Amino acid sequence: MYYLPTSAGILAALALSCSHCHKMNSSSEEPGLRKCSGCRRLAYCNNECQKADWRHHKAFCQTIQLVEKDTEATREMAAAYSQAAQNDLETLNLISIAHSDRFIALCKKLLQRPLTMREIDVIAYEPKCLACARPNMVLQTEARMAEVASGAVITPCERCKMSFSCCDEHWLIARARHQAPCDTLPGTVSQCDRNLELCADADYGAVLTTEQEGQIMWRIIKRQAAWSALTGRTWEEVVGSDVASAVAGTTFARYVPAFTRRVSSLQSTAFTILYALEQLNTGTAWTEKSELTINMIIANPSDFDGAYFHEAILHRAPKVKQVTFYFFLPMGIPGAVSSAWASEICGDCASANKAIFNHFVQTRTFESFVHNEAELFVQPDLFIVQSSTLIAAREPAQWRRTIALLVARRIPSVFTTFSRRHAESGQAVLRECGAELVPSLSGVMNPFGDMRMKPNYNAVHGFHGPNAWFAGGFR
Ligand SMILES: [Zn+2]
Ligand SMILES: [Zn+2]
Ligand SMILES: [Zn+2]
Ligand SMILES: [Zn+2]
Ligand SMILES: [Zn+2]
């Protein structure tokens with residue numbers, strides 16, 4: 001199973017936002033969120049929000065309570081935890097995954113239906129100790145078994161409120177790692193920092209309308225007027241000052257970091273394309289081509305980015321007149337209709353006779369298109385697959401044939417994925433298919449991935465996000 005949780009879903013699962021309206025505890029004057037007295041997991045602003053959500057929450061709320069009262073099941077769950085704190089993250093995460101799997105299976109049996117994504121989030125993001133992975137449910141079971149109240153209870157980090165420890169001793173052990181730069185996040189961001197950012201991202205999302213965001217986004221895109229290399233730079237270095245100037249004097253001036261992260265979400269595709277082209281080409285001649293052709297396999301027919309998402313390419317490489325995209329699905333849909341359209345572009349680009357053309361080849365796979373539509377196939381400047389893990393898992397045999405074809409035709413290619421683990425397994429498959437990987441695009445973090453990374457579910461540490469890692473790149 002693979003899904004991308006939302007910030008709102010995570011915050012609701014941690015009882016940091018209202019499970020109905022997603023409002024967070026923003027000011028100290030307002031009365032705080034109140035936890036559901038049944039499951040004590042979700043929180044609400046007030047009775048109205050709780051009432052409105054009850055028909056969605058009722059069955060799950062009662063199910064959680066039944067599981068917690070099941071002595072045999074909870075004892076079995078508690079037995080999986082070792083007494084001591086664990087330094088090895090992999091071990092902690094495995095304990096955590098086993099616990100969630102068991103918890104989900106018990107709920108499913110009682111509910112006689114699969115859990116919804118929202119319900120899975122509640123279990124996957126259940127507060128658990130950073131040092132021993134225990135959730136409250138296990139601490140309570142252990143206290144009952146020992147017949148003494150240990151007093152151990154899950155307590156949040158005072159700064160971020162999103163990571164937890166079960167006792168002072170475990171907090172002392174876990175704190176250093178929680179506050180140190182995290183190797184699954186870009187730069188020197190720590191788990192504690194990213195947790196705080198996640199709350200700021202949700203706050204930003206609640207304040208800005210789509211229209212306001214669009215206006216500012218255009219201002220940011222239009223500030224670029226010449227090619228400048230991306231290698232060795234970060235999102236903040238490349239767009240940070242553009243964001244600051246675009247929001248200067250508006251009420252959004254305090255959202256520069258959150259806005260920069262939003263730019264990284266919306267424009268990750270455009271910047272990943274530019275960054276990959278820079279890595280796969282020698283020199284800058286490619287930035288002066290009149291046309292760039294990009295081929296892309298997308299996971300779902302609805303995965304096209306919106307209007308201005310790709311336009312950054314025209315502004316960052318202003319000598320390029322036309323960008324042509326060919327989109328493919330992992331498997332062709334027989335009987336579907338292929339379509340072609342021009343993207344809406346800004347007035348400046350339109351009057352300079354620039355264009356972004358899109359072709360959605362739904363009926364055939366990329367492989368079949370190359371073989372059977374030879375007269376239409378243009379050797380692309382870049383072949384890109386984002387979320388490659390999703391696509392690879394869906395049609396593994398087809399996937400290997402596609403890679404072999406790219407290698408045989410010497411098509412410059414790049415594959416991104418969500419996490420280090422996925423990057424490592426993806427990289428292995430690329431090698432097995434004969435790809436000679438370029439080090440700067442292989443098994444490393446993508447400096448132009450989506451900065452709005454989410455905590456890994458079922459885990460006490462680690463983050464993932466769209467485009468976050470490069471599985472591999474070759475030419
Ligand atoms: Zn509410
Ligand atoms: Zn409840
Ligand atoms: Zn602990
Ligand atoms: Zn913290
Ligand atoms: Zn433009």
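**Exercise 1.** Find which residues of helix 11 (residues 256-266) are buried, and what they pack against.

*Solution.* Start with the list: Ala258, Phe259, Thr260, Arg261, Arg262, Val263 and Ser264 are buried in helix 11. Buried means 20 or more other C-beta atoms within 10 Å of the residue's own, exposed means 12 or fewer, and partly exposed lies in between, with C-beta atoms placed from the backbone. Helices are DSSP runs (H or I, at least four residues), numbered from the N terminus. Next, the partners: these buried residues pack against helix 8 (191-207), helix 9 (210-222), helix 10 (235-247) and helix 12 (268-280). Contact here means C-beta atoms, placed from the backbone, within 7 Å.

This is a predicted model: local features need pLDDT of at least 70, side-chain atom pairs count only at pLDDT 80 or more, and totals for chains, interfaces and linings use all residues. Residues are numbered from 1 along each chain as its sequence is written.

**Exercise 2.** Work out how helix 3 (residues 71-78) and helix 6 (residues 136-146) are oriented.

*Solution.* Their axes come within 9 Å and cross at roughly 105°. The two helices are therefore roughly perpendicular (65 to 115 degrees). Thr74, Arg75, Met77 and Ala78 of helix 3 meet Met137, Val138, Thr141, Glu142 and Met145 of helix 6.

Methods:
Chains are lettered from A and ligands numbered from 1 in the order in which they are written. Two residues are in contact if their C-beta atoms, placed from the backbone, lie within 7 Å. Axes are lines fitted to C-alpha atoms, for helices over the stretch in contact, and angles run from 0 to 180 degrees between N-to-C directions. Angles under 35 degrees count as roughly parallel, over 145 as roughly antiparallel, 65 to 115 as roughly perpendicular and the rest as oblique.
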